[in-house]
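Please open the structure in your viewer and keep the selection tool at hand.

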Amino acid sequence: MVEKVDVVVIGMGPGGEAAATELAQAGLSVIGIESRLVGGECPYYGCIPSKMMVRAANALAEAGRVSSLAGEVDITTDFAPVATRIRDEATDNWNDQVAVDRFEQAGGRFIRGTAVVTGPKTVRVGDLEIEVGTAIVLNTGTDPAVPPIPGLAGTPFWTNREAIAVTEAPSSLIVLGGGAIGLEMAQAFARFGTKVHVLEALERLMPLEEPESSQLVANVLASEGLGIHTGTAARNVSYASNTFTVTSDNETFSADHLLVATGRRSDFAGLGLAAVGIDTTSRTLDTDANLQIADGVYAIGDITGKGAFTHMSMYQARIVANHILGKQGPAAEYHAVPRVTFTDPEVGSVGLTEQQARDQGLTVGVAMSQIPESSRGWLHKAGNEGLIKLVADTDKGILVGATSIGPAGGEVLSMLTLAVHERTPVNRLREMIYAYPTFHRAVEDALGRLP
Ligand SMILES: Cc1cc2nc3c(=O)[nH]c(=O)nc-3n(C[C@H](O)[C@H](O)[C@H](O)COP(=O)(O)OP(=O)(O)OC[C@H]3O[C@@H](n4cnc5c(N)ncnc54)[C@H](O)[C@@H]3O)c2cc1C
């Protein structure tokens, strides 16, 4: 069977779904192909259900803080409401019919299946050959990467996909990987009473963030009773009598469950990208300013390596849809990419870290302000851990990066994202009025400390 169409979207993660819908609404003939669930990782296994876990866990932590502020609260934890919300409100029990209907109502044609690119203008899914008139859009995302640790394969370990679907908090859990996904779940489960050990092979948690962020989060998690083991590579895994045993060079850890959160992977060879001249061994795809990897072949989301975030996928979808529709629009810019790790405290950051700025040869000025020393942090008291770190290009007098950690670290980040995005002069930021007593007044304090 051969079918002709204007656009094929392969993989309907957040960006693929958005682009496919917009192009269909604009009157193009669009086929959207998804092997799993329309909407991708974020609504079914990622951002949304994990943040429901975090929200509930934070409510428990906040209740625990009452004793230092307002009396006593008896807390009995119950994971059932979280599991119910994830099934009923977030994932529709991992059913994407609503999303499929929405796309079809927008005028698109949906195909469930695994697509392969067979040439610059051809795609195959099952026994259907598709000839593409205008564009192929790739939004195939990432799968959990499982490291080749002896003994791990074949054990009933979890990735984020299984961990999201649990109906009760495990009594004990080993988390492999101290990045955003591992830490959010580690802290959330621990607040439901799970005994958690986090093993990170590198010397610090959250290695892509500022070292100060790693240290602060490690201290908070350790103070909550999690075992934080950095510089600890898992060398062997075994599973017997319903117990995982993980050995590192010096220690042995045991738990009922094991969560592997050691990164993400893509399969460009399986996607057939050799057919459009792509080196399929690369980890991410090189894109031009309009997100093309070859003439008429676009990439969106995690596979572009510009930040594995839903907001990146949506941002790129807008650019791709504009370009395909011939609309004028800005090209992609990546100097102010915001990201938030939803631990408590939240770790928000944007742009360059201090080290990245130095590696780029910039003349760097940095300044920090501690949230507990700000008026709002001080009066907030329990749960007030946090800091602001600013990274400035002192030649240009602008911020090129910033970190905002605190009870509302991700929200405070918004003003810093705007400053980095707009390249607002530091002197102009210093002239601004900051409401008292807010967490974001610590930004004003840090600005005052910049050289
Ligand atoms: C636990 C967890 C928490 C997260 N929390 C956040 C958060 O708080 N904020 C945030 O911004 N991001 C978060 N992320 C990341 C976020 O989920 C992704 O960045 C987001 O889903 C965007 O990914 P994407 O657009 O690349 O595609 P994905 O969401 O990965 O979707 C790609 C889709 O393509 C399909 N597909 C792949 N190959 C084929 C093929 N050959 N044919 C057909 N279909 C195919 C897949 O089945 C999949 O559904 C989280 C991720 C995880 C795992």
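Domain bounds are taken from an automatic or database domain assignment. Select domain 1 (2-39 + 96-142 + 266-324), domain 2 (160-262) and domain 3 (338-449) of the protein chain in turn. The C-alpha centres of domain 1 and domain 2 are 34 Å apart.

The model is a predicted one: local features need pLDDT of at least 70, side-chain atom pairs count only at pLDDT 80 or more, and totals for chains, interfaces and linings use all residues. Residue numbers start from 1 along each chain as its sequence is written.

Next, select the ligand. The shell around the ligand holds 35 residues (a residue is near a molecule if its C-beta atom, placed from the backbone, lies within 6 Å of it). The closest are Gly11, Gly13, Gly40, Gly141 and Gly301.

Now select helix H3 (residues 47-65) and helix H7 (residues 180-191). Helices (H or I, at least four residues) are DSSP runs, numbered from the N terminus. The axes of H3 and H7 come within 8 Å and cross at roughly 45° (axes are lines fitted to C-alpha atoms, for helices over the stretch in contact, and angles run from 0 to 180 degrees between N-to-C directions). Show Ser50, Met53, Val54, Ala57, Leu60 and Ala61 of H3, which meet Glu184, Met185, Gln187, Ala188 and Arg191 of H7; contact requires C-beta atoms, placed from the backbone, within 7 Å.

Conventions: Helices (H or I, at least four residues) and strands (E, at least two) are DSSP runs, numbered from the N terminus. Two residues are in contact if their C-beta atoms, placed from the backbone, lie within 7 Å.
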